[in-house]
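Thanks, everyone. Let me put the model up, and then I'll walk through a few side-chain contacts.

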Amino acid sequence: LELKVEQEVQVFHIVQEALANIGRHARALRARLILDKNDGAYEVIIQDDGGGMPAVAPASGEGVRAQRGHFGMSIMQERARRLGGEITVGRSVGGKGTMVRLRFPAAKTRSGVSA
């Protein structure tokens, strides 16, 4: 990927947090990291084959995001916003495990073409 240094730092920390969460919580045997560029945007996908995240009812105030001392998801979301992108979290393909997907626009080069 052709990233600016600031982008590299944000992507590194997002991937680091996602992999740390897999190590701490997922009980996974495997993790996969996919880096891609499509339609002028970069995509970083981190998947595992673990137990998956608990279901969270949006209005309930319960679950991973609301647990005291658990700031990883909100920090990853803030880092994605700094990139002009977004983080989505859900089930991995096949329904087993968790998938974290970061998508953000590719930077324009001096020639105006997406890097």
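This is a predicted model: local features need pLDDT of at least 70, side-chain atom pairs count only at pLDDT 80 or more; totals for chains, interfaces and linings use all residues.

**Contacts between strands and within a helix**

Numbering runs from 1 along each chain as its sequence is written, and side-chain values use heavy atoms, without hydrogens or water.

Back to the rings. The structure holds one aromatic pair (ring centres within 6.5 Å, using the six-membered ring for Trp; planes under 30 degrees apart are stacked, over 60 edge-to-face, the rest tilted). Tyr42 and Phe104 make that pair, tilted, at 5.4 Å centre to centre and 45° between the planes. Tyr42 sits in β2 (residues 41-48) and Phe104 in β4 (residues 98-105), so the pair ties together parts 62 residues apart in sequence. Strands here are DSSP E runs of at least two residues, helices H or I runs of at least four, numbered from the N terminus.

Now charges. There are five salt bridges (Lys or Arg side-chain nitrogen within 4 Å of an Asp or Glu carboxyl oxygen). One joins Glu43 and Arg101, with closest N and O atoms 2.5 Å apart. That links strand β2 to strand β4, 58 residues apart. Glu43 is buried at 13%; Arg101 is partly exposed at 24%.

Glu78 bridges to Arg81 at 3.2 Å and to Arg82 at 3.6 Å, N to O. Arg82 is exposed, at 53%.

Conventions. Buried means under 20% relative accessible area, exposed over 50%, partly exposed in between (1.4 Å probe, protein chains only).
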